[in-house]
Amino acid sequence: MRPRLLVSLIAALTIVPATLVATPAVALAPPGGGTLTTKVFATREGLVGWKTANGHKITKRDWFAALPSWRGLSDRGEGDKSVRVCHQGNDRCVFLPVWDVGPWNTKDDYWADDRHMWEKLPRGKPQAQAAYQDDHNDGEDEFGREVLNPAGIDIADGAFWDGLDLDDNDWVHVTFLWTGEGDRGVVDTDDGEWLRVRSAPKVKAALRGGAGEYAQVPIRCQVKGDKVKGTVRTTDLWNRVGDGIYLSHAYVRLLDGAKPRKC
């Protein structure tokens with residue numbers, strides 16, 4: 001048995017507040033090749049010193065995510081499968097490569113049109129959530145274990161604490177960035193450090209989250225702001241990666257011939 005399969009068992013010890021149990025999954029898929037977003041319950045991964053499903057050794061305050069299907073896993077040092085995770089309560093977002101498999105299941109690609117398992121469940125609803133809230137599969141996961149929380153994503157400690165500014169497991173909105181189209185860039189900080197996401201294209205603007213190294217980020221457009229010397233280039237260009245959130249282009253490599261437009 002791989003170490004990662006034990007993570008789901010450890011995560012199962014999480015106590016879920018009763019007020020959160022009834023929160024439904026809401027899948028939002030814009031027409032015309034848009035990117036899927038859904039509301040799921042997030043748990044903190046922890047497990048410093050363990051290895052993830054792609055062989056990454058987990059460090060203190062690490063930056064990556066885990067999803068409950070091998071189909072959503074990126075290779076170590078890659079981010080072709082990346083997610084944006086936002087917490088509505090504090091207006092924070094993080095961009096993370098998917099480097100682990102879990103929680104609970106390993107074949108639950110709930111973001112897919114053609115799910116590997118549990119094909120009768122609605123797109124965007126994790127099987128663990130259905131088991132916990134609706135007694136799906138007699139309340140058990142794919143291994144026959146009783147599901148003790150509705151988690152659909154695990155978040156590494158640094159992204160959980162420093163990026164999302166969370167101190168307890170909670171509901172978040174997850175966007176599966178590979179399910180959409182548009183210009184993309186990959187975060188390259190060269191030393192595993194996370195990249196700050198700001199409320200404006202200025203180095204002292206309010207912190208709105210962060211992006212882990214190797215995460216792929218959607219670039220809606222670019223705007224000029226403070227000049228930054230980064231690992232990729234020195235530039236005054238900033239990428240708008242969401243509504244009112246920016247990160248410096250000094251740490252981003254464009255992918256697939258992307259040519260972002262001006263904001």
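**Exercise 1. Glu-140 and its surroundings**

Task: Classify Glu-140 as buried, partly exposed or exposed, and find the patch that holds this residue.

Solution. Step 1: Glu-140 has a relative accessibility of 31%, so Glu-140 counts as partly exposed; buried means under 20% relative accessible area, exposed over 50%, and partly exposed in between, with a 1.4 Å probe and protein chains only. The areas come from the Shrake-Rupley method with a 1.4 Å probe, and for residues only the protein chains shown count as cover.

Step 1: Before going on, keep in mind that this is a predicted model, where local features need pLDDT of at least 70, side-chain atom pairs count only at pLDDT 80 or more, and totals for chains, interfaces and linings use all residues. Residues are numbered from 1 along each chain as its sequence is written, and side-chain values use heavy atoms, with hydrogens and water left out.

Step 2: Helices (H or I, at least four residues) and strands (E, at least two) are DSSP runs, numbered from the N terminus.

Step 3: Asp-135, Asp-138, Glu-140 and Glu-146 form a negative surface patch. Patches are made of residues with over 30% relative accessible area and no salt bridge, with like charges joined within 9 Å. Asp and Glu count as negative, and the place of a charge is taken as CG of Asp or CD of Glu.

**Exercise 2. Salt bridges**

Task: How many salt bridges does a search of the whole structure find? Then work through the pairs of Arg-61, Arg-208 and Arg-145.

Solution. Step 1: The search gives 12 salt bridges, each a side-chain nitrogen of Lys or Arg within 4 Å of a carboxyl oxygen of Asp or Glu.

Step 1: Arg-61 and Asp-162 meet through their side chains at 2.9 Å, N to O. Arg-61 sits in the loop between β2 (36-44) and β3 (65-67) and Asp-162 in helix α3 (residues 157-163), so this pair ties together parts 101 residues apart in sequence. Arg-61 is partly exposed at 43%, and Asp-162 is partly exposed at 24%.

Step 2: Arg-208 forms a salt bridge with Asp-91, their closest N and O atoms being 3.5 Å apart. This pair links distant parts of the chain, 117 residues apart: Arg-208 is in strand β10 and Asp-91 in the loop between β4 (82-87) and β5. Arg-208 is buried at 15%, whereas Asp-91 is partly exposed at 45%.

Step 3: For Arg-145 and Asp-141, the closest N and O atoms are 2.7 Å apart. Arg-145 counts as buried at 19%, and Asp-141 is buried at 1%.

**Exercise 3. The neighbours of β10**

Task: Which strands pair with β10, and in which sense?

Solution. Step 1: Start with cover: 4 of the 5 residues of β10 (residues 207-211) are buried.

Step 1: Strand β5 (residues 92-101) pairs with β10 in the parallel sense over 3 bridges; two strands pair if DSSP finds at least two bridges between them. Here Cys-93 stands opposite Gly-209.

Step 2: Strand β9 (residues 195-198) pairs with β10 in the antiparallel sense over 4 bridges, and Val-197 stands opposite Gly-209.

**Exercise 4. Backbone angles**

Task: What are the phi values of Tyr-214 and Asp-256, and where do these residues lie?

Solution. Step 1: Tyr-214 has phi near 80°, a positive value in a residue other than glycine, and lies in the loop between β10 and β11 (216-218).

Step 1: Asp-256 has a positive phi near 55°, and its place is in the segment after β15 (252-254). At 80% relative accessibility, Asp-256 counts as exposed.

Conventions: Patch = residues over 30% accessible without salt bridge, like charges linked within 9 Å, V, L, I, M, F, W, Y side chains within 5 Å.
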